[in-house]
Structures are given as C-alpha cells and as structure tokens.
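Walk through this fold strand by strand, then helix by helix. Keep the viewer open as you read.

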Amino acid sequence: MPQLSEGPTNDLISLIEESFDTETAKELHDSVIRDLEGSDEESGEHLSSSAIDLVGTRFYARVGIGRFQGLPQLTWNGLFVKENRPRFLYVPSTENAFRFFSPSLERWITPGAMDTDGGSTPLFVRVFSQMSPWYYGAAAIIHDWIFAAHRCGHPPDDRLSFQQAAMIAAEATKTLMEVGIRDLDRHLQKYRIDKALVYLVYKANTSPKARRIWDQDARGRACRSQTA
C-alpha cells in the first residue's frame, strides 16, 4: 500500500485495518489516498469515495426497514476494566418495552437485561461520521442484545447467527434514518440518510474482529438473569 504522512490519516488507516476485512480495508485505504489529493488532511473528511458511495447505495437498497417501539433507558455501571470502556446496565421497561421489528426475521426483537458499552457502533465508523458512540444507540442496543443472547443462551434470540446480527443492525440503523424513533417527549427523531454509513456499519459488524467477539464465551461479561 502507498505510504501516508504522519498524523490523523495514519490514525484512520489503523482503524480501517482493525475494523474491516482485508478487501474492504484495502478499498477504504485506496479511497483515503485518492481523496487526500483534493482535501485538507486535518479536516478528517477523506472518505467521500464514489466507489464506497456506489456500493453503499446498492447495499442500502437491499436492507429492509423495520420499526421501533419504546426507548432504551440505561444506567451507568462503572467500567469494563479490560477494555477500559464505560459500562451501562440496560433493564427493559415493564410498561413500554423497547423493541425492534426486524423485516428479515418478520418478528420483534425485545432486548433483555444486559451490560453494554455501545460497542456495536464501531470506532472507525464513529471517526468517519464524527458521531458519538451512542448516536445510533437504539440500533446498538439491538445488536448488543443479540450478542448477549448468543453468549448467554437467552432464547429465542440465541438462535440468531453472526451474519443475521449484522444485518439486523443494518436494518435498525436504516430504520432510524427512514422512519425514525419517538423520544420521551413523543417527538419523532429521524436521522440523516447516509447509505454508505449503513454499509460500513454492516462491514464492520461482519469483520474478523467482530467475529472474535462473537466467538468469545461469557467470561468478563455478566449474563444477567431475565425476569418477566
């Protein structure tokens, strides 16, 4: 691969290589090189690649649109010490449970009690979009729950596959853009449509790193009891 100058671009390349499979990482790396020819490196706006936009548009058209009910509410619960990341406890509401209807499954996914860190929004994607870890928090909770259900054996979502988890996260992210979600004041919050971002989230959630996390056992992550 071509050599890059020191600075923010090297940080982006490291995140690309960590977050994606080899083929996608190379495509994004080449996009950085091309875009640097006409952009200010300090701005961080390098990944406006027409190739990524084209692939993202095609992928976006394949992703279904679901719907959300309720809102996730979390309580800060210290740190995941090993990862040095904040830990939040999610406990489902007994009155208006947060859930997502997945068009590919044709059923609702209702998260149960779990610890979460918002890790379903990959670090590279957050840098790319300049968003906070919880910007797509509703989609992240759904994806985190599928990982927790898989790890801890919580039916029926423990039967979902790694690939299904990634696609459902893409569905949830697209749903926030196309349909939105109502906040506690009943105002509809619709996110800006970003087709390339949905594609990149999916690719990051199917990366070797994501697979390693999927294959880990429950050590270091509590399996919370599920009560009605």
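Two strands count as paired if DSSP finds at least two bridges between them. With that rule, take F100: in β5, its bridge partner is I109. Keep in mind that this is a predicted model.

Which order do its strands take? The order is β1-β4-β5, with 3 strands in an open, antiparallel sheet. The edge strands are β1 (67-69) and β5 (107-109), and each of them pairs on one side only. From one strand to the next, the twist averages 30 degrees.

Now look at the two pairings. β1 and β4 (residues 99-102) run antiparallel and are joined by 3 bridges. Across this pairing, F68 stands opposite F100 in β4. Q69 has R99 in β4 as its bridge partner.

The link between β4 and β5 deserves a stop. The hairpin of β4 and β5 has 4 residues between the strands. E106 lies in that loop. Its phi is positive, near 60 degrees, in a residue other than glycine. Most residues other than glycine have a negative phi, and most peptide bonds are trans.

A second sheet comes next. Its 3 strands follow the order β2-β3-β6, also open and antiparallel. β2 and β6 (114-116) stand at the edges with a single partner strand each, so one side of each is left without a neighbour in the sheet. Ignoring direction, neighbouring strands here are turned by 35 degrees against each other on average.

Within this sheet, β2 (residues 74-80) and β3 (residues 85-90) run antiparallel, joined by 5 bridges. L74 stands opposite Y90 in β3. L79 stands opposite P86 in β3. What is the phi of N84 in the hairpin of β2 and β3? The phi of N84 is positive, near 55 degrees, and the hairpin has 4 residues between the strands.

Helix α5 lies across β2 and β6, running at about 125 degrees to β6.

How do α5 and α6 pack against each other? Their axes are 8 Å apart, at an angle of about 165 degrees. Angles over 145 degrees count as roughly antiparallel, so α5 is roughly antiparallel to α6. The crossing of α5 and α6 is right-handed. From α5, the contact includes A138, A139, I142 and F147. From α6, it includes F162, A165, A169 and L176. By class, this contact has 12 nonpolar residues, 2 polar and no charged ones.

The loop between α5 and α6 has its own features. P156 lies in this loop. The peptide bond from P155 to P156 is cis, with omega near 0 degrees.

A search of the whole structure finds 4 salt bridges. One of them joins D157 to R107, with the closest N and O atoms 2.7 Å apart. D157 lies in the loop between α5 (137-152) and α6, and R107 in strand β5, so the pair ties together parts that are 50 residues apart in sequence. Side chains of opposite charge can pair when their charged atoms come close.

Finish with α7. Helix α7 (residues 195-205) packs with α6 at an angle of about 160 degrees, and their axes are 9 Å apart. That makes α6 roughly antiparallel to α7. α6 passes α7 in a right-handed crossing. Among the α6 residues in this contact are F162, M167, A170, K174 and M177. They belong to a contact that takes in L197, V198, Y202 and N205 of α7. The residues of this contact divide into 9 nonpolar, 3 polar and 1 charged.

Technical notes
Residues are numbered from 1 along each chain as its sequence is written. This is a predicted model: local features need pLDDT of at least 70, side-chain atom pairs count only at pLDDT 80 or more; totals for chains, interfaces and linings use all residues. Side-chain values use heavy atoms; hydrogens and water are left out. Helices (H or I, at least four residues) and strands (E, at least two) are DSSP runs, numbered from the N terminus. Axes are lines fitted to C-alpha atoms, for helices over the stretch in contact, and angles run from 0 to 180 degrees between N-to-C directions. Angles under 35 degrees count as roughly parallel, over 145 as roughly antiparallel, 65 to 115 as roughly perpendicular and the rest as oblique. A crossing is left-handed if the near helix is turned anticlockwise from the far one by less than a right angle, and right-handed if clockwise. Contact means heavy atoms within 4.5 Å. Ala, Val, Leu, Ile, Met, Phe, Trp, Tyr, Cys and Pro count as nonpolar, Asp, Glu, Lys and Arg as charged, and the others, Gly among them, as polar. A salt bridge is a side-chain nitrogen of Lys or Arg within 4 Å of a carboxyl oxygen of Asp or Glu.
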